[in-house]
Amino acid sequence: MLPDHGSGVQKMTPMQITIAITVLMAVLFMVPKMPFGLSAMLCCFLLAVTGVSPISEAFSGLSHSNVIMVASMFGLSAALQKTSLAFRVKDFIGVMAGKRDIVLMITLSLLFVVMLLVLPGMVLMVMFSTFLGSLGDKSEVTPSRIILPMLMINVCWETCIPIGMGATQDFQANAYIENIVSAEQMLVFGDMFKVRILPAILVIVYACWVWKKLPKRSLTINDDMSSKIKRGELPKWKEWLVYAIFLCVVLVLILNKYFGQLMFLIPGLGLVVLGLTKVLTPKEITQNVCSDTIWMLAGIMGITAALTSTGAADAIGGALYSLISWTDNGFLIMLIVCLFTAVMTTFLSNSGCRGVLIPLVAAMAVSAGMDPRGLICCVSIAAGYAFCFPTGSTTCAFAFALGEYNPAKVLKWTLPLLLVLCVITAVCAELVFPVFG
């Protein structure tokens with residue numbers, strides 16, 4: 001920061017500039033005068049122009065492993081839409097829609113829960129989008145009505161059950177606190193599940209109720225190139241090639257711990273093969289991997305990186321101390337931690353939020369003679385309640401772009417659920433791991 005020279009005006013610090021740019025992005029998302037991707041990229045340019053972030057960091061989202069994987073999955077999903085399997089699934093969904101709406105919603109909800117045992121939430125949302133066009137706009141169950149409820153289920157159930165993708169959730173939390181708390185205060189297998197299962201069940205109930213409250217709108221997804229695909233236009237050998245590649249990608253994602261960084265590259269390799277074999281044309285590949293959603297994801301990654309590197313995330317996390325210092329009520333402490341985490345994770349990545357707050361609440365609990373386990377569960381679980389705003393997570397950004405939701409207009413349905421989830425999570429955490437024993 002340059003000296004004042006007696007002008008009485010000081011330059012903004014990098015932290016203040018980053019927070020201001022983050023607020024600007026939030027406003028642009030709520031007043032959608034331009035595409036989400038363009039808004040996010042504008043904010044990345046501002047980070048670079050103001051000198052807050054070097055160009056490589058401001059636009060780091062363009063090379064982020066998650067963005068590369070998601071862009072590739074978009075292309076693979078476009079290929080899958082050309083297969084006879086996709087048409088059969090679409091026919092089934094089309095028959096169910098309008099006749100057994102509640103059955104369809106319950107089926108989709110339970111299918112999401114099961115698939116989240118073996119697939120990352122982002123990948124599942126991309127696969128789900130493949131079949132949305134079959135719903136159309138005429139029945140009661142339309143894409144504009146079910147994308148948001150499925151997002152709620154997705155983010156709240158991902159890693160919830162301690163099987164498959166969720167088997168390590170307790171141990172991941174322990175990694176942040178192993179040098180802070182005693183062995184007796186570490187989480188054991190299944191601890192997180194005890195706290196989060198009740199809120200997760202509530203989300204399914206809420207999703208199966210709220211979808212009918214959402215307005216019916218025509219979305220771009222109903223008019224995109226997938227609607228122009230003709231049944232049977234793909235030769236059988238190409239169709240089986242798509243199945244083989246898609247199966248390989250899914251198996252790699254399920255067995256991700258054995259593949260490491262290759263997990264993010266395999267979908268791209270599969271997309272290259274589909275391009276070389278002309279299953280997808282260069283135009284189709286470009287339309288999918290360079291969509292507005294991808295630019296938005298990349299832009300959000302750049303903002304998140306700046307929030308972390310400038311110390312804004314740590315400064316925001318430090319404010320939690322003052323918020324809970326006025327009470328010694330265990331439930332209120334848990335509730336404040338849940339609400340604070342839910343707000344913070346709206347603008348910071350879920351993992352980044354956990355990385356900042358879990359060590360903080362653990363150290364605070366130890367110094368105050370409290371049991372840290374409930375507070376750690378509150379942070380870890382509430383960090384997943386990212387469904388109110390596109391910046392909440394890559395999954396959230398994708399869903400908001402896909403459903404063309406204005407965050408301000410859907411707040412009447414997302415905010416009440418968020419508040420209720422925080423209250424129930426705090427109650428469950430206090431029952432299972434009382435703050436003061």
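I began with helix 14 (residues 282-289), where I found E284, I285 and N288 buried. Looking down the axis of helix 14, I saw that its buried residues fall within an arc of 100 degrees, so they line one face of the helix. I then turned to the face pointing away from that buried side, which carries the exposed residues P282 and K283. What covers the buried residues? I noted that the cover includes helix 4 (65-80), helix 13 (262-276) and helix 15 (292-309).

A reminder to myself: this is a predicted model, so I checked confidence next. The protein chain averages a pLDDT of 82, and 89% of the residues score at least 70.

Is S77 buried or exposed? Its relative accessibility is 3%, and because buried means under 20%, S77 counts as buried. Leaving aside neighbours within four places in sequence, I list V126, M127, T130 and F246 as the contacts of S77.

Next, the aromatic rings. How many aromatic pairs does a search of the whole structure find? It finds 8. I looked up F29 and F389: their ring centres are 6.2 Å apart and their planes meet at 45 degrees, so the pair is tilted. This pair links distant parts of the chain, 360 residues apart. F29 sits in helix 1 (residues 14-30), while F389 is in the loop between helix 19 (372-382) and helix 20 (394-403). Both F29 and F389 are buried. I also noted that ring pairs join F29, F36 and F389 into a cluster.

Last entry, the largest nonpolar core. It has 150 residues, and those touching the most other members are M73, I153, L320, V361, L375, Y385 and F387. Setting aside its neighbours within four places in sequence, I153 is in contact with S109, F112, V113, L116, E158, V203, I204 and A207. For context, in soluble globular proteins nonpolar side chains tend to be buried together.

Definitions and conventions: Residues are numbered from 1 along each chain as its sequence is written. This is a predicted model: local features need pLDDT of at least 70, side-chain atom pairs count only at pLDDT 80 or more; totals for chains, interfaces and linings use all residues. Side-chain values use heavy atoms; hydrogens and water are left out. Rings of Phe, Tyr and Trp (its six-membered ring) pair if their centres lie within 6.5 Å; planes under 30 degrees apart count as stacked, over 60 as edge-to-face and the rest as tilted. Helices (H or I, at least four residues) and strands (E, at least two) are DSSP runs, numbered from the N terminus. Buried means under 20% relative accessible area, exposed over 50%, partly exposed in between (1.4 Å probe, protein chains only). A nonpolar core is a set of buried Ala, Val, Leu, Ile, Met, Phe, Trp, Tyr and Cys residues joined through side-chain atoms within 4.5 Å. Contact means heavy atoms within 4.5 Å. The arc is that of the directions from the helix axis to the C-beta atoms. pLDDT is the predictor's confidence in each residue, from 0 to 100.
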